[in-house]
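The tour goes from one selection to the next and says what is found at each stop.

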Amino acid sequence: MAKAPVLTPRADDFPRWYQDLINKAELADNGPVRGTMVIRPYGYGLWERMQSEMDARIKETGTQNAYFPLLIPQSYLTREADHVEGFAPELAVVTHGGGKELEEPAVVRPTSEMIINDYFAKWVQSYRDLPLLINQWANVVRWELRPRLFLRTTEFLWQEGHTAHATYEEARDFAAHIHRQVYEDFMVNVLAMDVVPGRKTVKERFAGAVNTLTLEGMMGDGKALQMATSHELGQNFAKAFNTRYLSKDGRQELVWQTSWGSTTRMIGALVMMHGDDNGLRVPPRLAQIQAVVLAIKGDEAVLAKVRELGDRLKAAGVRVHVDDRTDTPFGRRAVDWELKGVPVRIEVGPRDLENGTAMLARRIPGGKEPVSLDDLAELLPKVLEEDQALLLEQARERRESRTAEVSTIEEAVEVATAGGWARIPWAVLGEEGEAELAEHAVTVRCLVAEDGSVPDADDAPGNVAVVARAY
């Protein structure tokens with residue numbers, strides 16, 4: 001009788017496969033309140049690595065980290081009409097505290113434009129205070145009706161950047177810099193994710209923004225996922241909070257602003273873009289454990305060798321973990337590490353010691369081969385870089401092979417409902433066509449220029465709409 005698979009095969013039931021993998025790779029659990037989640041240590045380790053890589057890129061722009069309160073006076077949200085309208089259905093509101101009804105209800109932050117702008121208005125006095133570049137790592141709450149771990153949860157973790165500038169051009173260029181040099185660079189070069197940079201349509205842009213830049217990724221089932229966004233806020237919030245500065249010419253001017261964010265959704269994207277029927281496949285540059293050295297048996301000589309190997313690989317710059325839990329069957333341990341997507345396993349048993357070799361199992365391309373123990377420290381960094389490149393190449397090939405050029409709305413719907421992406425001229429689609437797509441649960445993920453660059457305007461000649469079903 002055939003052995004039951006550890007995970008539901010992706011081809012049979014992709015959503016079930018996703019839930020199985022989140023559970024069995026010990027990434028997260030559902031929280032006690034519907035829509036919340038408990039991020040388990042292995043999943044949180046991925047988030048810590050993401051934070052570290054992102055934080056370094058954010059700080060390179062001159063942005064500094066700060067922290068703002070979780071609770072926001074409800075009156076703040078009424079100051080920018082589009083913003084409050086966009087978030088109203090998702091708000092969690094605190095009405096009682098300390099056993100008493102509050103004089104003014106407090107909103108649990110869904111995003112921090114409102115409270116941060118209140119302080120920007122106090123901190124900005126003259127052109128010497130600009131640009132003001134602030135980022136915070138925090139949690140936010142948006143009441144989610146259809147939760148799914150990492151992808152859509154009522155509470156999630158993120159970073160949110162907020163900036164104020166003297167001119168429209170400075171703000172526009174800063175939003176674009178974050179979009180490409182922070183977010184896209186991180187996703188492509190660390191997460192090995194193939195992403196399409198583009199511009200959101202008016203319907204899809206952030207509430208209160210004048211322009212939203214996005215990065216869209218194709219998941220393993222062909223659906224799209226919005227990975228991160230960077231917004232030009234124009235002067236909408238500056239007007240609402242009267243955030244002005246004294247210019248060099250001695251005039252009081254409104255500032256120009258941006259906001260931008262990325263979330264723990266990236267962990268869900270990691271699972272769905274790179275995972276396979278055997279579990280996760282973690283990009284080596286991201287992995288908190290790049291290589292695990294496994295003792296096959298509890299032989300003293302084997303245990304001594306795996307520990308020595310661990311030290312040698314650490315010295316070579318590899319993030320390594322030594323698994324010497326020989327009271328747990330080797331097969332079970334190997335399956336667990338495969339589920340967790342550790343890029344490389346180095347398996348050592350008594351016979352390997354006799355031969356002066358170890359078995360090298362590569363998670364990303366698959367397969368095993370014996371390698372000399374003496375060569376491992378030099379070989380491993382090269383192997384990890386090869387596998388990092390392979391993940392990105394596979395993701396790109398998937399998107400390119402499942403993206404079709406179409407000329408009618410009917411064709412776009414057909415492609416998207418079959419699990420692919422369609423590219424259709426925006427001049428053909430337009431806002432009426434966008435509404436028609438929505439009737440089939442298909443959305444415009446972004447607008448791109450004919451050459452694949454990000455267009456300067458919603459109606460720029462030659463704009464192409466990338467459409468798909470999405471998470």
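**Stop 1: a pair of strands**

Select strand β18 (residues 357-362) together with β19: the two pair in the antiparallel sense over five bridges. Two strands count as paired if DSSP finds at least two bridges between them. Helices (H or I, at least four residues) and strands (E, at least two) are DSSP runs, numbered from the N terminus. Within this pair, click M359, which stands opposite P370 in β19. Strands of a sheet pair through backbone hydrogen bonds, either parallel or antiparallel.

Before going on, note that this is a predicted model, in which local features need pLDDT of at least 70 and side-chain atom pairs count only at pLDDT 80 or more, while totals for chains, interfaces and linings use all residues. Residues are numbered from 1 along each chain as its sequence is written, and side-chain values use heavy atoms, with hydrogens and water left out.

**Stop 2: the whole sheet**

Now extend the selection to the open sheet of five strands, in the order β16-β15-β17-β18-β19, with mixed pairing. Its edge strands, β16 (320-323) and β19 (368-372), each pair on one side only. On average, neighbouring strands of this sheet are turned by 25 degrees against each other, direction ignored.

Contact means heavy atoms within 4.5 Å. Axes are lines fitted to C-alpha atoms, for helices over the stretch in contact, and angles run from 0 to 180 degrees between N-to-C directions.

**Stop 3: two helices**

Select helix α2 (residues 41-60) and helix α7 (residues 265-274), which pack at an angle of about 110 degrees with their axes 10 Å apart. They are therefore roughly perpendicular to each other (65 to 115 degrees). Show the side chains of the contact: G43, L46, W47 and M50 of α2, and M266, I267 and L270 of α7.

**Stop 4: Y76**

Finally, select Y76, in the loop between β4 (71-73) and α3 (81-87). Is Y76 buried or exposed? Y76 is buried, with a relative accessible area of 14% (buried means under 20%, exposed over 50%, partly exposed in between; 1.4 Å probe, protein chains only). Leaving aside neighbours within four places in sequence, Y76 is in contact with M114, I115, D118 and F241.

Note on methods
Angles under 35 degrees count as roughly parallel, over 145 as roughly antiparallel, 65 to 115 as roughly perpendicular and the rest as oblique.
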